[in-house]
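Here is a short note for a colleague who is meeting this structure for the first time. Please read the points in order, with the sequence and model beside you.

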Amino acid sequence: MLPKTIIRHISQFAGVRDAAKYVPRRALLYVPASNQKMLDKVPMMQADSVVLELEDGVALTAKADARVRAAAALDKLPYHTLACQELGLRVNSVSSGLLEDDIIAVSKAEKLPQAFMIPKVDCPEDLVTIYNIFREHYGDERITNTNTRLVIWIESARALLDMPRIVSSTLNLHKQAGFFKLDAVVFGSDDFCADIGATRSSHGTETLFARQKFVTCCKAFQLQAIDSVYIDIKDLDGLRRQSAEGWQWGFTGKQVIHPSQVSVVQEQFLPPKDRIEWAQELVHAYSEHEALGKGAFQFRGQMIDRPLLLQALNIIQLVERVQN
Ligand SMILES: CC(C)(COP(=O)(O)OP(=O)(O)OC[C@H]1O[C@@H](n2cnc3c(N)ncnc32)[C@H](O)[C@@H]1OP(=O)(O)O)[C@@H](O)C(=O)NCCC(=O)NCCSC(=O)C[C@H](O)C(=O)O
Ligand SMILES: [Mg+2]
């Protein structure tokens, strides 16, 4: 329980702070919808967000089949009993020319996914195309003011440079037309490397600038920032290292491709126990010092002032949201 005097700081603190139900996306797991055996495992999957995948995890020759399986899964799976916090559906991009066929097929399902996930959003104009395709095949009523959230992918140099306009247009579409609300943005590092001609490495220095720019832009709009995929499935130490780095830089989660990656990532996207204790104690100490008129004071040998309080509140808020 936070001291009352601290509550007023919360409306101003950094990070993701949508008052609506927060969906943790520490681990966002792709499940190719062309693979029925994998789809059958969805109810037990402990990833925070499980993504029924229609895009790059599905071969061109299997797209039609995957669409039918994804639509059937949406109707069959009881969302409230799933082990995950969110069942998403990643469709194909505008530039692929496959999006409309995806929407025609999945709009036959009675249910919407809990999140629509749209890759390779390259410019604000893509949003107009996306919105028009959804309106045409779902009809206005089914896509207006629903609980379904929107997650988009930034995966090219052009998109990274234009990201503030892309994000603003997406948020405006919700404000003005009631279209799905943008909740998180994902950095598609593999497509990004292909786009800029970089060679991918396990240490990831080739995407260092892009990841830092990306996370800064997400946080400027108070959106969740989801980090790159780590494709070396067997290298869990490397995954742990890259996850810890992402967490330290301000990412809120990471994409995963294999069930074995889920717990490693989830663990790294929660602060360690001693950091949680530090945050809780700091908040109480801040409240006591504030009552005495002190904005700066010593705590465990460090100078504490308001920015440190805000960092501690980030930690407390995240832990509460993951546990509730
Ligand atoms: C990469 C894989 C093809 C590996 O699959 P497989 O060879 O079957 O692995 P295993 O033998 O180790 O599997 C063990 C069991 O686990 C199940 N499994 C594996 N992966 C998944 C999964 N993702 N979801 C559900 N279940 C899974 C197997 O079926 C085995 O089960 P059992 O036989 O009963 O023991 C595979 O992991 C995979 O397809 N992963 C997803 C790939 C994908 O979707 N890629 C696209 C998304 S990444 C991306 O696009 C990044 C971004 O956009 C960018 O540009 O950077
Ligand atoms: Mg991609």
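1. The UniProt record, an unreviewed entry, places the feature "binding site" at Arg-90 and Glu-155; its positions follow the numbering used here, feature names are shortened, and annotations may be inferred rather than shown by experiment. Although the two span 66 residues in sequence, no two of their C-alpha atoms are more than 14.3 Å apart, so they gather at one spot.

2. This is a predicted model, in which local features need pLDDT of at least 70 and side-chain atom pairs count only at pLDDT 80 or more, while totals for chains, interfaces and linings use all residues. Residues are numbered from 1 along each chain as its sequence is written, and chains are lettered from A and ligands numbered from 1 in the order in which they are written.

3. Arg-90 belongs to strand S3 (residues 86-90), strands being DSSP runs of E with at least two residues and helices runs of H or I with at least four, numbered from the N terminus. Arg-90 counts as buried because it has 28 C-beta neighbours inside 10 Å, the cut-off being 20 or more other C-beta atoms within 10 Å of its own, with C-beta atoms placed from the backbone.

4. Glu-155 sits in the loop between strand S5 (149-154) and helix H7 (157-161), and it is likewise buried, with 24 other C-beta atoms within 10 Å. Leaving out residues up to four places away in sequence, Glu-155 touches Pro-119, Lys-120, Gly-188, Asp-191, Phe-192 and Asp-195, where contact requires C-beta atoms, placed from the backbone, within 7 Å.

Key:
Buried ≥ 20, exposed ≤ 12 C-beta atoms within 10 Å, placed from the backbone. Contact = placed C-beta atoms within 7 Å.
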